[in-house]
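Trainee: I would like to learn how to read a structural model feature by feature. Could you take me through one slowly?

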Amino acid sequence: MRNLFFLLLIFPLTSCGKSELNWLILSPNNIEGLTNLKFLLSGLTTTIYISIVSIIISIILGLLVSIPSLAKSKFLSYLNIGYVEIVRAIPLLVLILWIYYGLPIMTGISFSPFVSGIIALSISESAFQAEIFRAGINSIKKSQWEAGSSLGLSFFRKLRLVILPQAIKNILPAIGNQFVYVLKMSSLVSIIGIGDLTRKANELVVTTYRPLEIYTFLILEYLILILVVSFLVRKLERRLQKD
C-alpha cells in the first residue's frame, strides 16, 4: 500500500517531460515570476477573510438552530431536524449558485459575489455547527441543569451561564476542525467571481497556459494554510485537555 501511494504521488511528475514544464513563471528571481507569485498570493487575504466571517456567522446560526432540539416540544425538535437534514443535503456549490443567480429572480433581492459566498458558506456550515452544539450540550450532565434550576435561573440563563461555558470547552476542537473544512470549501466561491486563491489561479492559467505549475502552487498554498490552522487547532485541543 505504501509503495502504491508513492507511485501515485510521483506519477504526475515523472510522466511529464522536462520540456513541458516551465517553473520560471513562478520564480521570484525574475520579474514575470515575481509578478505571478504576487498575483496568486493576493487572493490569500480574501480566502482567510471569507472563511473567518463565514465560520463566525455559522457558529451563531448553529447555536440558534440547536436550541430547539433541547425543547420537549416535538414540533420544535422537528424544526431542528428538518433544517439540519435539508441544509446538509444541498451541495455547497449548488447553494452558492442559487443564492447568487436564483435568489434575485425569485425575490428581487441580490447580493454581491462576496456577500453571496459568505451567506452560502454560513448556511451550509450552520447545519454542521448545530449538530456540534447539540452533541456538546447533551454531553453535559443533567445535574448541571438541575443546579441551575436550584438557583432559580430561567432556561436561557441556565444555558448561557452554566451549560454553554462547559459545552463550548468540549466542542472547540470540533469547531476548529470545521474551520479547516470551511477553508477548503471556500475555494468554491471562485465560481461566482470572488478573487480568492482559486480564482486567482484560474485567471493566471488563462493568461499563461501553464495549469500544471499554477495548480501545483495552488495546492501548496492551501496545504500550508490548512497545516497552520490544523496545528493551532491541535495546540488549542492539548491546552484544553490540560485544563
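Predicted model: local features only at pLDDT ≥ 70, side-chain atom pairs only at ≥ 80, totals over all residues.

Mentor: Residues are numbered from 1 along each chain as its sequence is written, and side-chain values use heavy atoms, with hydrogens and water left out.

Trainee: How many aromatic pairs does a search of the whole structure find?

Mentor: A pair of aromatic rings is described by the distance of the centres and the angle of the planes. Rings of Phe, Tyr and Trp (its six-membered ring) pair if their centres lie within 6.5 Å, and planes under 30 degrees apart count as stacked, over 60 as edge-to-face and the rest as tilted. The search of the whole structure finds three such pairs. In one of them, Tyr49 and Phe114 have ring centres 5.7 Å apart and planes at 20 degrees, so this pair is stacked. Because Tyr49 lies in helix α3 and Phe114 in helix α6 (residues 113-138), the pair ties together parts that are 65 residues apart in sequence; helices here are DSSP runs (H or I, at least four residues), numbered from the N terminus.

Trainee: Are the planes of Phe128 and Tyr181 stacked or tilted?

Mentor: The ring centres of Phe128 and Tyr181 are 6.0 Å apart and the planes stand at 55 degrees, so the pair is tilted. This pair also links distant parts of the chain, with Phe128 in helix α6 and Tyr181 in helix α8, 53 residues apart. Phe128 has a relative accessible area of 27% and Tyr181 one of 31%, so each counts as partly exposed, which means between the limits for buried (under 20%) and exposed (over 50%), with a 1.4 Å probe and protein chains only.

Trainee: How many salt bridges does the structure hold?

Mentor: Side chains of opposite charge can pair when their charged atoms come close. A salt bridge is a side-chain nitrogen of Lys or Arg within 4 Å of a carboxyl oxygen of Asp or Glu, and the structure holds four. Among them, Arg88 pairs with Glu85, the closest N and O atoms being 2.9 Å apart, and both residues lie in helix α4 (residues 74-89), three residues apart, about one turn of the helix. Arg134 and Glu131 form another, at 3.1 Å between the closest N and O atoms, and these two lie three residues apart in helix α6. Glu213 meets Arg210 in a salt bridge of 2.9 Å, N to O, and Glu213 counts as buried at 1% relative accessibility.

Trainee: Which residues does Thr198 touch, not counting residues up to four places away in sequence?

Mentor: Contact means heavy atoms within 4.5 Å. With that exclusion, Thr198 touches Ser187, Ser190, Leu218 and Tyr222. Thr198 is found in helix α9 (residues 197-208) and is buried, with a relative accessible area of 13%. Ser187 lies in the loop between α8 (155-185) and α9.

Trainee: What is the relative accessibility of Leu64?

Mentor: Leu64, found in helix α3 (residues 44-66), counts as exposed at 53% relative accessibility.
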